[in-house]
Each structure stands twice: as C-alpha cells, then as structure tokens.
Amino acid sequence: MALPWLSSMTPAFAGKPDEKSAAPKRFVAMTLGLGLIGDNLNPAIAGRDYKPSRYLKSAQDLRDQITVVSGSSHPGVKGGHRAEASILTATAMGSAGLVRNTISLDQYLAKHLGDATRFPSLVLSNGGSTSPSYTENGSMIPPEDSPSALFAKLFIDNSARQRDLQADRVRQGRSIMDLVGEDAKSLSRELGSGDRDRLDAYFTSVRDLEKRMAANERWAKMPKPKVDAKRPVDIGNGSDLIGRQRMMSSVIKLALQTDSSRYITYHIPGAGGVIPIKGVDEGYHGLSHHGRDEEKLSQLALIETEMINAWADFLRDLQSTNEATGNLLGNTAVFMTSNLGNSSNHDNRNMPVLLAGGGFRHGQHLAFDQKNNYPLPNLYVSILQRMGMPVDTFATSTGTMTGLEMAT
C-alpha cells in the first residue's frame with residue numbers, strides 16, 4: 001500500500017539534505033493538441049474578483065488553487081499544429097519545421113533535479129507517438145500511452161533474476177563508457193584547442209551519462225513501491241479521450257504519491273473520431289475546425305468542458321492526498337496549455353493557460369494583451385524557480401511572470 005510522502009523517507013528516496021524537512025516539489029504538464037475555446041475558458045474580467053467562465057464553473061471549489069492566464073504565447077512561434085513541438089520548449093521551429101528543437105521544460109527539470117527518483121521524468125500520451133518533450137539535442141521523447149503499461153513499469157517488480165540481468169546490462173554499459181573515455185583522453189593530446197574544447201564537452205556528457213547509469217544500477221536492484229490499487233485495463237476506444245484522460249491521471253497520481261517521478265508530461269492529441277459524450281456526434285478534430293459554426297462550437301464546448309472537469313478531478317485527488325507538509329496538490333505545480341489559441345484557424349497566439357497548486361498564490365485571472373501577447377516562457381522561469389532552480393531565463397523569457405507570486 002502506497003504511503004504518503006513522509007520527511008523521514010528522504011534518505012530512502014535519495015533526497016538531498018535540504019529536502020529533509022519538506023515534501024519534494026513536483027511538476028505535471030498536461031498539453032492539448034487542439035486547444036480550448038478562449039471565450040469559454042477565460043473569465044471576462046481580470047484580477048481576483050472574476051466571475052467563473054463556462055469551463056471553470058464546476059471547479060469553483062478549487063478557485064484558490066488555480067490561476068488563469070490569458071493573452072500569452074511563445075514569441076516568434078508559428079506553424080499551427082507544427083507548434084506542438086514548441087509547447088514546452090518555446091522554440092520557433094520555422095515555417096518548414098526544419099529548425100532543431102531545444103530542451104523542454106520538463107526535461108530541463110529532469111536533467112538537473114530528476115536523479116532523486118527511479119524515473120527522472122515520465123512522458124505520457126493519450127494516444128499516438130508524439131509528445132512535447134524534447135532532449136537537450138532536440139530529439140523528441142516518444143510517450144507511453146498505455147495506463148496499464150505505465151502501472152506495470154511503476155509498480156510491478158521483475159523477478160530477482162531479471163533485476164540482476166538489468167543491473168548487469170547497466171554495468172556493461174558503464175564499462176563501455178570507460179573504454180570510450182580512455183580512448184578519447186588519449187586522442188585529446190593530439191588535437192588542437194578547438195577540438196579539445198569540443199572533446200571536453202563530450203567528456204562532460206559522458207560523465208553525466210555515467211552518473212545516470214550508476215543511478216539506474218541502484219534502482220534496478222531495489223524493489224518497486226507497492227500500491228493499494230489494481231492494474232488498470234486500457235480503454236480500447238481510441239476516441240474516448242476523456243475516459244483515457246481520467247485513467248492515465250489516476251496512475252499519474254500514484255506515481256507522484258509514491259515519489260516514483262517528480263516531472264511528468266501528459267499529452268492529449270487531437271483524435272479524429274467521435275468522443276463518446278452525450279450531445280456529440282461529430283469527430284473531435286472536425287469540430288475543432290469549426291469556422292464559427294454554432295453547432296460545431298456547441299459540441300466542441302461539451303468536449304472541452306469534460307476535459308476541464310477531468311483535469312479538476314485530478315486536482316481534487318491530489319488535494320485530498322496529505323503529505324508531511326501540506327498535500328500533494330500544494331507540492332505539485334500542475335500546468336495545462338496548448339500550442340493552439342484558436343484551433344479553427346491554427347493560430348498559435350493567445351494560448352490557453354491554467355496553472356494549479358505548486359505553492360503559488362492563486363485565485364486570479366492574469367489577463368494580458370490579446371493583440372500583443374505576453375511571453376509565456378516567463379511562466380516557465382517562475383515554475384523553474386519554484387522548483388528550486390537558480391535560473392533567470394528560459395528560451396525567449398524576459399523574467400518571471402508578472403503578477404504570479406509565491407504563496408507565503
């Protein structure tokens with residue numbers, strides 16, 4: 001049975017010394033491939049006295065845990081659907097998508113802070129093979145889209161023999177890296193200064209890899225946490241995005257609760273089929289390209305309302321899970337956004353943005369200029385700093401997000 005986070009667990013989970021008196025800080029990004037209707041999501045007025053929008057009416061019990069942001073986007077990012085690659089990197093991919101991407105927010109956190117858990121990050125999806133998570137060299141990380149497979153990965157132990165074999169494979173990999181390192185050091189004596197600098201950068205990446213491999217060897221020998229939950233049965237209907245969202249969210253909550261990972265990205269792409277919701281009889285992708293047709297907008301609003309309701313239920317599950325200091329939601333920044341501000345015309349401006357939990361002072365609508373958008377990467381800097389990263393910039397940021405404060 002999974003225990004909540006306890007401060008005494010820090011040594012067991014390889015936490016750093018300054019974490020002993022507090023629960024770990026975590027980050028979950030939920031990204032949407034087809035956006036949200038802005039008029040239904042964003043309140044009409046700014047500030048703390050806003051009236052809830054259509055989509056947020058059912059989440060008023062969470063009002064003090066949510067910040068709504070309107071009028072923001074990634075500077076220079078265009079390309080419609082192609083900008084899915086930019087959701088968490090804020091890197092403009094160019095009109096033909098030929099520019100190499102950069103590291104995404106979740107992977108930046110995992111690189112610098114992810115060594116405390118078995119899985120530095122989890123990259124997940126509701127379906128398909130794409131994700132908004134990118135490595136430092138601009139490679140997309142393929143997602144896991146099966147809640148059942150994720151549950152097994154997190155909580156079902158291999159046999160003792162399989163664990164030994166896994167640890168042995170890691171050791172073999174480390175020995176290969178040792179050989180490569182020795183050969184490279186020998187070569188460096190014959191190189192010019194420019195090549196030596198490049199080789200030194202290579203050595204740095206090798207050392208980082210060796211550290212990760214050593215951590216993998218340690219985790220391979222340790223049993224996985226036990227949870228009081230059954231392995232879920234995957235939903236076969238690929239169009240049932242809401243059912244799949246709820247099921248994956250329940251496993252994400254277990255991953256956070258057992259401290260199996262602290263940095264999780266979950267992508268909900270734009271499926272083309274009819275989502276099984278009463279009142280919806282057209283495909284989701286077709287509805288998102290509504291052309292202001294009232295019937296399409298009406299059906300799309302039903303879908304998006306259920307997405308927000310499922311997201312709010314996820315927040316409630318986190319909030320109801322107590323930890324040594326506070327609850328799981330208070331220690332987890334949960335971020336929802338999309339590359340599309342208007343899916344009908346593929347506009348990447350005015351991205352939908354919701355931020356919950358994570359120790360911020362919420363309960364407000366931060367309304368920026370709809371025509372001259374505020375840089376969303378500023379929010380990423382605020383999140384990084386809240387996670388404990390001593391950074392002042394990320395991608396095209398100009399600072400931290402105006403109006404977003406830490407909770408006292």
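**A tour of the aromatic rings**

Start by selecting Y108, F335, Y380 and F394, which form one aromatic cluster. You are looking at a predicted model, where local features need pLDDT of at least 70, side-chain atom pairs count only at pLDDT 80 or more, and totals for chains, interfaces and linings use all residues. Residues are numbered from 1 along each chain as its sequence is written, and side-chain values use heavy atoms, leaving out hydrogens and water.

Rings of Phe, Tyr and Trp (its six-membered ring) pair here if their centres lie within 6.5 Å; planes under 30 degrees apart are stacked, over 60 edge-to-face, and the rest tilted. That rule gives five aromatic pairs. For one of them, select F151 and F155: this pair is edge-to-face, with 5.1 Å centre to centre and 65° between the planes. Both residues belong to helix α3 (residues 147-155), four residues apart, about one turn of the helix. Helices (H or I, at least four residues) and strands (E, at least two) are DSSP runs, numbered from the N terminus.

Now colour by accessibility. F151 is buried at a relative accessible area of 5%, and F155 is buried with a value of 5% (buried means under 20% relative accessible area, exposed over 50%, partly exposed in between; 1.4 Å probe, protein chains only).

Next, go back to F335 and Y380, an edge-to-face pair at 5.7 Å centre to centre and 85° between the planes. F335 lies in strand β6 (residues 332-338) and Y380 in helix α9 (residues 377-386), so the pair ties together parts 45 residues apart in sequence. F335 is buried at 0% relative accessibility, and Y380 is buried at 0%.
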